[in-house]
Amino acid sequence: MTHSSSLLHAALEAAELGGRIALAKWRAGILTEWKADGSPVTAADRAAELGIREWVARHFPGDAVLGEELGETPGSTGRRWIIDPIDGTKAFVAGVPLWGSLVAVMEGERVLAGAAAFPAVAEALTAAPGEGCWHNGSRASVSVIENLATATVLTTDLSGFPSGAHRAAWDALARRARVSRTWGDCYGYLLVATGRAEVMVDPIMNPWDACALQPVIEEAGGVFTDWRGHRTAFGGDTIATNAALSRVVRVALGAEGSDE
């Protein structure tokens, strides 16, 4: 087993652990709190992140950890785990199954492996550079659709666009597509990576939202960039597409300077 393959399996194990902890509290009437940025957090978010952190400390002692809910723990190995214990907490608290637990392993801004577990729908993804993207144990790949008129395009929240220009660009893209939906958060990237949608757009993303998803999309044969066309999980926004529609979508959204 290669080092990348080992991390691929480790990331999946950690994400699935977080997913199991969260699933046990899903639709159980737990209290929802609201953070200063207007996003929700629950005891399930904190319990899932704590469980993943404890797992990392046991299996990868000395590695740093950055989590959405519990902040940063420094390390000594040069490697860092990025955790979003429940991506899609608004869906989670509403009893909607379109949420997941995300785990990425990093060196600097280079993603070594990423995984996303979707326990409410019994699906999981894991990927590492050069090792492929795996969906429930089988190789995953993006679709080969090359015409927007037959494509499905997704975003998380129509109220989340930071400017009128961003929203106008999305609206124009959506009008050209066969289907446009807000099957959002990490679930939208699952759909792109497995060929069930062609485009997923998020105008606001944190590292814990994006890092696990970059290798998932790229190793499935897709293209993952920020809104300026740069291949990164640290751009603050994301565009994920299949390969065939990569250029036309990024031109439509004004993603210039692409280094895909």
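User: In what sense do strand S11 and S12 pair, and over how many bridges?

Analyst: Bear in mind that this is a predicted model. S11, residues 152-155, pairs with S12 in the parallel sense, over 3 bridges. In that pairing Thr152 stands opposite Val179 of S12.

User: What order do the strands take in that open sheet of 5 strands?

Analyst: The order is S12-S11-S13-S15-S14, and the pairing is mixed. At the edges you have S12 (179-181) and S14 (223-225), each pairing on one side only. From one strand to the next the twist averages 10°.

User: Which strands does helix H4 lie across?

Analyst: H4, residues 164-176, lies across S11, S12 and S13 (199-202). Its direction runs at about 155° to S11. H5 packs on the sheet as well, touching S11, S13, S14 and S15 (238-241). The angle between H5 and S13 is about 155°.

User: And how many of the residues of H5 are buried?

Analyst: 8 of its 8, so to speak a mostly covered helix. The buried residues are Cys186, Tyr187, Gly188, Tyr189, Leu190, Leu191, Val192 and Ala193. H5 is followed by Gly195, which has a positive phi near 80°.

User: Switching to pockets. How much space lies in the largest pocket?

Analyst: About 820 Å³. The lining has 32 residues, and those nearest the pocket centre are Ser39, Lys90, Thr156, Asp185 and Ile204.

User: Which helices and strands supply at least two residues of that lining?

Analyst: Strand S5 (80-87) does, along with helices H3 (89-93), H5 (186-193) and H6 (207-210). H5 comes up again here, the helix with 8 of 8 residues buried.

User: How many residues sit between S8 and S9 in their hairpin?

Analyst: 3 residues, and Gly130 in the turn has a positive phi of about 85°. S8 (residues 123-128) and S9 (residues 132-135) pair in the antiparallel sense over 4 bridges. Ala128 stands opposite Gly132 of S9 in that pairing.

User: And how many bridges join S9 to S10?

Analyst: 2 bridges, with the strands running antiparallel. His135 is opposite Ser138 in S10. That hairpin has 2 residues between the strands, and Asn136 takes a positive phi near 50° there.

User: Where is Ala122, then? And is it buried or exposed?

Analyst: Ala122 is in the loop between S7 and S8. It counts as exposed because its relative accessible area is 57%, and the cut-off for exposed is over 50%. Asn136, at 44%, is partly exposed.

User: Last one: where's Phe60, and what does it touch?

Analyst: Phe60 sits in the loop between H2 (43-59) and S3 (64-67). Leaving out residues up to four places away in sequence, Phe60 touches Leu7, Ala10, Trp55, Arg79 and Trp81.

User: Why does Phe60 count as buried?

Analyst: Because its relative accessible area is 15%, and buried means under 20%. As for Leu158, Phe60 is 98 residues from it in sequence and 39 Å in space, C-alpha to C-alpha.

How values were computed:
Residues numbered from 1 in each chain as written. Predicted model: local features only at pLDDT ≥ 70, side-chain atom pairs only at ≥ 80, totals over all residues. Heavy atoms only, no water. 1 Å grid on protein atoms, 1.4 Å probe; cavity = no way out; pocket = protein on both sides within 12 Å on 5 of 7 lines; lining within 4 Å. Points joined across faces, edges and corners; volume = space filled by probe spheres on them. Buried < 20%, exposed > 50% of the residue type's maximum accessible area, 1.4 Å probe, protein only. Pairing = 2+ DSSP bridges. Axes fitted to C-alpha atoms, helices over the stretch in contact; angles between N-to-C directions. Contact = heavy atoms within 4.5 Å.
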